[in-house]
Amino acid sequence: ECISGCVCPEGLFDDGKGGCVEEKDCPCIHNNQWYSPGEQVTVDCNTCTCQKGVWSCTEDVCYGTCMIYGSGHYITFDGKFYDFDGSCEYVATQDFCGDRNSSGSFSIITENVPCGTTGVTCSKAIKMFLGKTELKLENKDYKEIQRDIGDDVHYWNRTAGLYLVIEASNGVMLIWDKKTTVFIKLTPDYKGKVCGLCGNFDDKSNNDFTTRSGLQDTSALKFGNSWKQSSMCPDVTEEIKPCDVKPHRKSWAEKECSIIQSEVFKICHSKVDPIPFYEACVHDACSCDSGGDCECFCSAVAAYAQECTKHQACVFWRTPDICPIFCDYYN
């Protein structure tokens, strides 16, 4: 029977915008945006081209990235976002996994200390073990310690803008902002072969909470506690909610952090969910109550901006009033 409505003539296709086009002119959709044929987008390290309404992508294998920032926020290699506030040294990632005697080539340890009086913790120092070399990064600098055991693993260091970058010949890269943000990048050779607070890098986020003993857990606290370096450290028993401890800071924190959900970051909202980053920002802004207000807030917003840039949404959010950076100095 007849159905009223508009259809395209035989051989033409609806282009989603109320027009009819030939198949070769069909647009593609990505993150709720339309792209014309021939247009390209970058996803991770691959380039995708729109062809006849379908994306055709290169198949390069990409680095995995784990991010640790502010007071205990983690985004694993597989993209799981969680919080863990423990005051101790913890294994961020290593390839000594499986049985006790398994051999590996690297280990990265993060030393967390209380920042502020609410009990939350921030990364104070990072230790990077590469074969027989130990690098310790703290107080905006790093030092090298040579140990007796292990292989020779070569590494290079360079400064890129605000960051210190350490790149090793075994495919491990560490990027540190000399404060509380650390990015760990691994080549795809390590997929499924690493363990620690950054997860196992097997492209599945639902099994990232694998404890040191190899069991899967659902609790971030039990998972985090299993990766502490010293049995002398107390276990974390409860999640700290700094805005409940310092309610007078809550409205200030919500007002400052609202920039993440504002028009400033609008182009990014469809690409990276702002809510977990906003909540992490409020958590940090409430918790840093012994100086470092701005540093905690700025690091939290910068973490969201960094994820946006990764998804091709470059946001110019810093102003002379909000987290300025003196570019002349860093250039």
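Q: How many disulfides does the structure hold?
A: The model is predicted: local features need pLDDT of at least 70, side-chain atom pairs count only at pLDDT 80 or more, and totals for chains, interfaces and linings use all residues. Residues are numbered from 1 along each chain as its sequence is written, and side-chain values use heavy atoms, with hydrogens and water left out. A disulfide is taken as a pair of cysteine sulfur atoms within 2.5 Å. On this basis, the number of disulfides in the structure is 13.

Q: Which parts of the chain does the disulfide of Cys8 and Cys20 tie together, and how many residues apart are they in sequence?
A: The sulfur atoms of Cys8 and Cys20 are 2.2 Å apart, and the link is left-handed, with -90° about the S-S bond. Strands (E, at least two residues) and helices (H or I, at least four) are DSSP runs, numbered from the N terminus. Cys8 lies in the segment before strand 1 (13-14) and Cys20 in strand 2 (residues 20-21), so the parts tied together are apart in sequence by 12 residues.

Q: Is the disulfide of Cys243 and Cys286 left-handed or right-handed?
A: Cys243 and Cys286 are joined with an S to S distance of 2.0 Å. This pair links helix 2 (residues 242-245) to helix 5 (residues 274-287), the two cysteines being 43 residues apart. Because the torsion about the S-S bond is about 95°, the disulfide of Cys243 and Cys286 is right-handed.

Q: Is strand 18 largely enclosed by the rest of the structure or exposed?
A: Buried means under 20% relative accessible area, exposed over 50%, and partly exposed in between (1.4 Å probe, protein chains only). Val172, Leu174 and Trp176 point one way from strand 18, Met173 and Ile175 the other way, and all are buried. Since five of the five residues of strand 18 (residues 172-176) are buried, the strand is largely enclosed.

Q: Which residue of strand 19 is the bridge partner of Leu174?
A: Two strands pair if DSSP finds at least two bridges between them. Strand 18 and strand 19 (residues 182-186) run antiparallel and are joined by five bridges. Within this pairing, the partner of Leu174 is Ile184.
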